[in-house]
Amino acid sequence: MDIPFLQLNESNRPFRQEMTEAACRVIESGWYLNGPEKDRFERELAEFCHSTSAAVAVSNGLDALRLIFRALIETGRLRCGDEVIVPANTYIASILPVIEMGLKPVAVEPSEKDFNLDPVRIEEALTERTRAVLVVHLYGYPCWDAAIMQRLRDRGLLILEDNAQAIGAIASSEGFNGTAMTGNLGDAAAFSFYPTKNLGALGDAGAVITPHADIRDCVAALANYGSDRRYHNIYRGYNCRMDELQASFLRIKLRHLDAETAARNAIARIYDAAIKNPEVKRPTFFTDRTVVWHQYPIHTARRDELRKYLASRGIGTDIHYAAPPHLQPCMKGVFSEHLPITERLALQEISLPIANISPIQAETIATIINEFK
Ligand SMILES: *Cc1c(COP(=O)(O)O)cnc(C)c1O
């Protein structure tokens, strides 16, 4: 038996016909950038996320975050040297843009329940220079505590979201924009459509959603050389555009995203019911929120042994993430925080196959894990 961790060709096969037609339509149209597919995707993504203002389609998730932080500076909301609270337990792309824009990241430990920024610890990390909090909805778990977020907002802090892993997730309580949908809870959110994400393009793509019209306009201008209209540059901007081909593919897959989430949820439920090995800690199942299971993370003190054992039985796994951002060579001198929970999770995590596997395959994987001694 062979169950690879992830096979993107399998994920995209159901859309092959529709994508081929869309690609032909774009080729024939002669519009390859800044055209109707992007405009439509911006509206459809916003609608999916219950946002009343259109999204800005951009080049990738990292650029989405860079554009957000730069726009917060350009619109006078942030200044060089301001502190931004970030989760210690995240992918490095969440934190790189904070540093690039001259802001100071302050890393906060996760809750062991959902591996996300622990809201209680945010308040302990606040200083006079804290101006923003970046929540990352890691693994598809919404990271949101309405009472604490409201207190932070009352202190004048910006609440930002890295929604690269949680499109379609629903928090247990409403955000500030009249919806509990991740990507529309706070002041601005970044999305990634990297091919392995729940909504994956056939290349790089990303988006920004914000309820603030001035931030939206600024992000859109910055992504297009800083120009607000043709040959008129109000910012020293970038080229961070999403092309028409990717937009046309994403429009097709967005229509099937709810079915994708339901399929991931069904597999997660099978794992949850069937994995019984006492050496393995299963991820928490919540009844008051919708998790979109970007990953199905298990934790064990015998991580490398279990991975090897699974590989010998033909089961592919992955690690998210083998080393946290603060321990990366490029982050020397950036963080002085003591982060033992994050460091332990990084040694114990294994991601099981979750996308495009059958219920029977999930049962089989659980049985094999249960036989691990
Ligand atoms: C994938 C990812 C990013 C970066 O997105 P790209 O499209 O690859 O640039 C940022 N943050 C998180 C949490 C991610 O998972």
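Reply: The account below begins with the chain as a whole, turns to the nonpolar core, and ends with some backbone details.

The model is predicted. Its protein chain contains 13 helices and 11 strands, and the C-alpha trace spans about 65 × 55 × 40 Å along its principal axes. For 373 residues, a compact globule would have a radius of gyration near 21 Å, and the chain agrees with this because its own value is 21 Å. Of these 373 residues, 57% count as buried. Among contacts between residues at least 6 apart in sequence, 72% join residues at least 24 apart.

In soluble globular proteins, nonpolar side chains tend to be buried together. In this chain the largest nonpolar core has 73 residues, and those touching the most other members are F69, L160, Y271, Y296 and L352. Helix α4, which covers residues 61–74, gives the most to this core, with seven residues. A second, separate core has 21 residues, including A57, F193, A205 and A247.

L160 belongs to strand β5, residues 158–162. Its relative accessibility is 1%, and because buried means under 20%, L160 counts as buried. Beyond its neighbours within four places in sequence, L160 is in contact with I68, F69, L72, A132, V133, L134, V135, D187 and A188. L160 also lies 8.3 Å from L185, C-alpha to C-alpha, although 25 residues separate the two in sequence. L352, with neighbours within four places again left aside, is in contact with F5, Y271, I275, Y296, I298, L310, T317 and I369. Y271 and Y296, among these partners, are themselves listed with the residues that touch the most other core members.

The backbone has some details of its own. Most residues other than glycine have a negative phi, and most peptide bonds are trans. F115, which is not a glycine, has a positive phi near 65°; it lies in the loop between β3 (104–108) and α6 (119–125). N356 likewise is not a glycine and has a positive phi of about 55°, and its loop runs between β11 (349–352) and α13 (359–370). F115 is buried, with a relative accessible area of 1%, whereas N356 is partly exposed at 44%. Finally, a cis peptide bond, with omega about 5°, joins H320 and Y321; Y321 is in the loop between α11 (303–312) and α12 (340–348).

Notes:
Residues are numbered from 1 along each chain as its sequence is written. This is a predicted model: local features need pLDDT of at least 70, side-chain atom pairs count only at pLDDT 80 or more; totals for chains, interfaces and linings use all residues. Side-chain values use heavy atoms; hydrogens and water are left out. Helices (H or I, at least four residues) and strands (E, at least two) are DSSP runs, numbered from the N terminus. The radius of gyration is taken over C-alpha atoms; the globule rule is 2.2 Å times the number of residues to the power 0.38. Buried means under 20% relative accessible area, exposed over 50%, partly exposed in between (1.4 Å probe, protein chains only). Contact means heavy atoms within 4.5 Å. A nonpolar core is a set of buried Ala, Val, Leu, Ile, Met, Phe, Trp, Tyr and Cys residues joined through side-chain atoms within 4.5 Å.
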